[in-house]
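User: Please go through this structure with me in questions and answers.

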Protein chains: 2
Amino acid sequence: MSSNPTPFQTLPPIQNSRLSKQIEFLLEADKLKNIERRTHVSDGSRHENSAEHSWHFALGLMLFAEHAKAENLDIFKIMQMAILHDLVEIDAGDTFVYDTKAQETRAAREQQAADRLFGLLPPDQEAAFRAIWDEFEAKETEEAKFAASIDRFAPVLENYVTSGKAWRAHGVAVNQVEKVVGTELENAPALGEYLKEILVSAKEKGFLK
Amino acid sequence: MSSNPTPFQTLPPIQNSRLSKQIEFLLEADKLKNIERRTHVSDGSRHENSAEHSWHFALGLMLFAEHAKAENLDIFKIMQMAILHDLVEIDAGDTFVYDTKAQETRAAREQQAADRLFGLLPPDQEAAFRAIWDEFEAKETEEAKFAASIDRFAPVLENYVTSGKAWRAHGVAVNQVEKVVGTELENAPALGEYLKEILVSAKEKGFLK
């Protein structure tokens with residue numbers, strides 16, 4: 001049984017085997033541009049994808065680093081978390097944060113994806129990238145906690161300014177956002193304060209149940 | 001004359017004026033997701049946009065940092081260059097690197113865009129972000145030179161694996177890619193060596209003139 005070659009397989013052979021692995025990973029990662037999230041871009045014209053969300057997350061880190069509750073965070077490491085955090089969705093798909101059922105199986109699906117994707121890398125880079133992703137997932141270090149807060153914040157804005165497009169499509173309620181986003185934003189108090197006002201207004205306007 | 005409110009203007013008022021400026025910037029930056037480049041995503045299904053390209057560029061930095069000709073680069077700063085480098089396209093549009101005529105007016109258009117966009121930020125962040133972008137644009141420091149090489153590399157791969165889709169659409173020739181990309185890749189020799197093989201093969205296959 002023959003299958004179509006991957007984009008990587010159509011490239012001229014790469015003599016340097018380390019570089020070959022790196023380029024295969026870079027092209028495989030390109031698929032993240034086609035992973036659609038529930039959230040819309042802020043003009044509401046289409047769903048956003050996980051690659052552009054990862055960029056927006058990294059930009060948010062540059063903007064909001066000063067709002068972290070913890071001091072002396074390693075922002076460079078958190079930016080690397082932002083760049084890597086969603087790659088597993090290439091295999092596991094995007095799991096909507098408010099979909100409780102899908103969340104139950106998320107971790108297992110994503111661990112398997114991480115094995116395959118980071119496994120494309122040279123061993124030292126596999127270990128380094130995987131450690132960053134594992135740290136993000138475990139949400140135990142201050143860096144990972146702050147990362148989670150920024151990861152969640154921009155999508156709330158995007159939802160609000162599109163009149164709650166994704167929230168309404170999935171019947172999301174205020175208390176769900178409080179639980180999922182509000183908890184994370186305890187690590188970025190100024191953002192957490194503003195979230196409360198957004199939620200009051202979103203409820204009034206019918207963007208959230 | 002009234003115009004439609006921007007997404008930012010539809011948000012509940014933000015009492016903290018510093019946070020208000022930061023959030024306005026983050027939402028304005030969201031428009032980068034709708035700036036279309038000539039390059040296609042690697043399955044050829046659509047053009048890529050500048051936000052997802054910026055993410056892919058940042059990932060490339062993590063992968064290829066070891067291939068920099070210069071030593072002791074500040075990779076964190078280069079990642080910030082990657083995140084910020086294309087924001088000016090929100091006003092100035094994406095200028096195809098092989099469009100000589102448009103390149104003549106690019107710098108002036110992008111400087112004006114930088115004034116407006118970074119001008120949305122609190123003054124200290126405006127100065128910090130603008131300094132990073134100015135350094136990238138000037139291509140004088142080793143960080144900016146290596147950034148330029150990685151910025152150019154993934155699009156070459158994307159073009160090749162889509163059978164030269166954007167190259168063919170715009171009649172690009174081997175010597176143009178050599179000049180525009182090959183020169184930058186002198187700062188990442190292993191990538192520069194591989195570029196030569198890509199160009200030979202792309203010419204043979206008719207992906208490039």
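What follows is a set of questions and answers on folds, helices and single residues.

Analyst: This is a predicted model, in which local features need pLDDT of at least 70 and side-chain atom pairs count only at pLDDT 80 or more, while totals for chains, interfaces and linings use all residues. Residues are numbered from 1 along each chain as its sequence is written, chains are lettered from A and ligands numbered from 1 in the order in which they are written, and side-chain values use heavy atoms, with hydrogens and water left out.

User: In what order do the elements of chain A run from the N terminus on?

Analyst: Helices (H or I, at least four residues) and strands (E, at least two) are DSSP runs, numbered from the N terminus. Chain A has 10 helices and 2 strands. From the N terminus on, the order is α-β-β-α-α-α-α-α-α-α-α-α.

User: What radius of gyration does chain A have, and how does the value sit with a compact globule?

Analyst: The radius is taken over C-alpha atoms, and the globule rule is 2.2 Å times the number of residues to the power 0.38. The C-alpha trace of chain A spans about 60 × 45 × 30 Å along its principal axes. For 209 residues the rule gives a value near 17 Å, so chain A agrees with it at 18 Å.

User: What percentage of the residues in chain A is buried?

Analyst: Buried means under 20% relative accessible area, exposed over 50%, and partly exposed in between (1.4 Å probe, protein chains only). Applied to the 209 residues of chain A, the buried share is 56%.

User: Among contacts in chain A between residues at least 6 apart in sequence, what percentage joins residues at least 24 apart?

Analyst: Contact means heavy atoms within 4.5 Å. Of the contacts in chain A between residues at least 6 apart in sequence, those joining residues at least 24 apart make up 65%.

User: Which elements do the buried residues of H6(A) pack against?

Analyst: Helix H6 of chain A covers residues 123-138 and has 16 residues; its reach from first C-alpha to last is 22 Å, close to the 22 Å expected at 1.5 Å a residue. That expected span is 1.5 Å times one less than the number of residues. The buried residues of H6(A) are Gln125(A), Phe129(A), Arg130(A), Ile132(A), Trp133(A), Glu135(A) and Phe136(A). They pack against H2 of chain B as well as H1, H2 (50-64), H3 (75-84), H5 (100-118) and H7 of chain A.

User: Which residue takes a positive phi just after H6(A), and which one in the loop between H6 and H7 of chain B?

Analyst: Just after H6(A), a positive phi of about 50° belongs to Lys139(A). In chain B, the loop between H6 (123-138) and H7 holds Lys139(B), which is partly exposed at 35% relative accessibility. Phi is near 50°, positive in a residue other than glycine, in Lys139(B).

User: Which helix of chain A is among those covering the buried residues of H10(B)?

Analyst: H10 of chain B (189-205) has 17 residues and reaches 25 Å from first C-alpha to last, close to the expected 24 Å. Its buried residues are Leu191(B), Gly192(B), Tyr194(B), Leu195(B), Ile198(B), Leu199(B), Ser201(B) and Ala202(B). The cover from chain B includes H2 (50-64), H7 (142-161), H8 (165-169) and H9 (174-182), and from chain A it includes H1 (17-29).

User: Is Asp30(A) buried or exposed, and which residues of chain B is it in contact with?

Analyst: Asp30(A) is in the loop between H1 and strand S1 (36-40) of chain A. Its relative accessibility is 2%, so Asp30(A) counts as buried. Leaving aside neighbours within four places in sequence, the contacts of Asp30(A) are Val41(B), Ser42(B), His56(B) and Glu158(B).

User: Which residues of chain A does His56(B) contact?

Analyst: His56(B) lies in helix H2 of chain B and is buried at 3% relative accessibility. Beyond neighbours within four places in sequence, its contacts include Ala154(B) and Glu158(B). From chain A, the contacts of His56(B) are Leu26(A), Asp30(A) and Lys33(A).

User: Which residues does Leu63(A) contact, leaving aside neighbours within four places in sequence?

Analyst: Leu63(A) is found in helix H2 of chain A, and it counts as buried because its relative accessibility is 0%. In its own chain, Ile150(A) is 87 residues away in sequence and 9.9 Å away, C-alpha to C-alpha. The contacts of Leu63(A) are Gln22(B), Phe25(B), Leu26(B), Leu121(B), Gln125(B) and Phe129(B).
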